[in-house]
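Thanks for asking me to look this one over.

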Amino acid sequence: MGSGIGKFCLIGAQQYPQTMFFGVEQRTRLVYYANDAKNLLKLENLEFIHANITQINFRAFDHFYFYNSFFENIDFVNRIDDSVETSIALYSYYTQYLRANLDRMPIGTKIVTYQSSGREVSENFSLVGSAINNLLKMYIKIT
């Protein structure tokens, strides 16, 4: 979610060719660059979706990687561009939206977060590992 130019998805798809990866990005320009890289690498197990998180059917997926995509809504200094609104209310809305949708997922759903506040992960998920000074966290849904 918030795949940007697709670095995580590109590496994952290249390293795990039997696994299908999907990157979701709301900026058309970044989806274009991600698809260019995908085509250059000839990756057939990767698809980039141009959409906002509120347009995604979470049930179509079974595991999620979240690299604090919503931080850009409250970063008033280091903006990628002017296409995304900066708003604490929007950051809160997206975080709650993600949390609610992840909570509807079945037991066994896995989430990996990087540089995340953790607010998008409910008590229904158990932390099963961490790395990189606790910046990378791995969860599995237990209830």
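This is a predicted model: local features need pLDDT of at least 70, side-chain atom pairs count only at pLDDT 80 or more; totals for chains, interfaces and linings use all residues.

1. Let's begin with helix α3, which runs over residues 88-103 and has 16 residues. From its first C-alpha to its last, α3 reaches 22 Å, close to the 22 Å expected at 1.5 Å a residue.

2. Which residues of α3 are buried? They are Tyr 91, Tyr 94, Thr 95, Leu 98, Asn 101 and Leu 102. Because these residues cover an arc of only 135° around the axis, they sit on the same side of α3. The cover over them includes the strands β3 (63-66), β4 (110-114), β5 (125-131) and β6 (136-141). If you turn to the face of α3 that points away from the buried side, you will find the exposed residues Ile 88, Ala 89 and Gln 96.

3. A search of the whole structure finds nine aromatic pairs. Among them is the pair of Tyr 93 and Tyr 97, which is tilted, with 6.0 Å centre to centre and 35° between the planes. Both tyrosines lie in α3, four residues apart, or about one turn of the helix. Tyr 93 has a relative accessibility of 43%, so it counts as partly exposed. Ring pairs also link Tyr 93 and Tyr 97 into a cluster with Phe 22, Phe 58, Phe 61, Phe 64 and Tyr 94.

4. Is Glu 25 buried or exposed? Glu 25 counts as buried, because its relative accessibility is 5% and the cut-off for buried is under 20%. This residue lies in strand β1 (residues 21-25). Not counting residues up to four places away in sequence, Glu 25 touches Gly 2, Ser 3, Gly 4, Leu 30, Val 31, Ile 49, His 50 and Ala 51.

5. His 63 lies in strand β3, and with a relative accessible area of 44% it is partly exposed. Leaving aside its neighbours within four places in sequence, His 63 is in contact with Gly 108, Thr 109 and Lys 110. Its side chain reaches the backbone nitrogen of Lys 110 at 3.3 Å. As for Asn 35, 28 residues from His 63 along the chain, the C-alpha atoms of the two are separated by 21 Å.

6. Finally, two backbone angles to check on your screen. Most residues other than glycine have a negative phi. Lys 42, although not a glycine, has a positive phi of about 55°. You will find Lys 42 in the loop between α2 (28-41) and β2 (46-50), where it is exposed, with a relative accessible area of 70%. Ile 132 also has a positive phi, near 50°, and its place is in the loop between β5 and β6.

Conventions:
Residues are numbered from 1 along each chain as its sequence is written. Side-chain values use heavy atoms; hydrogens and water are left out. Helices (H or I, at least four residues) and strands (E, at least two) are DSSP runs, numbered from the N terminus. The expected span of a helix is 1.5 Å times one less than its number of residues. Buried means under 20% relative accessible area, exposed over 50%, partly exposed in between (1.4 Å probe, protein chains only). The arc is that of the directions from the helix axis to the C-beta atoms. Contact means heavy atoms within 4.5 Å. Rings of Phe, Tyr and Trp (its six-membered ring) pair if their centres lie within 6.5 Å; planes under 30 degrees apart count as stacked, over 60 as edge-to-face and the rest as tilted. A polar contact is a pair of N or O atoms within 3.5 Å; within protein, one must be able to donate a hydrogen and the other to accept it, and residues adjacent in sequence count only if both atoms are side-chain atoms.
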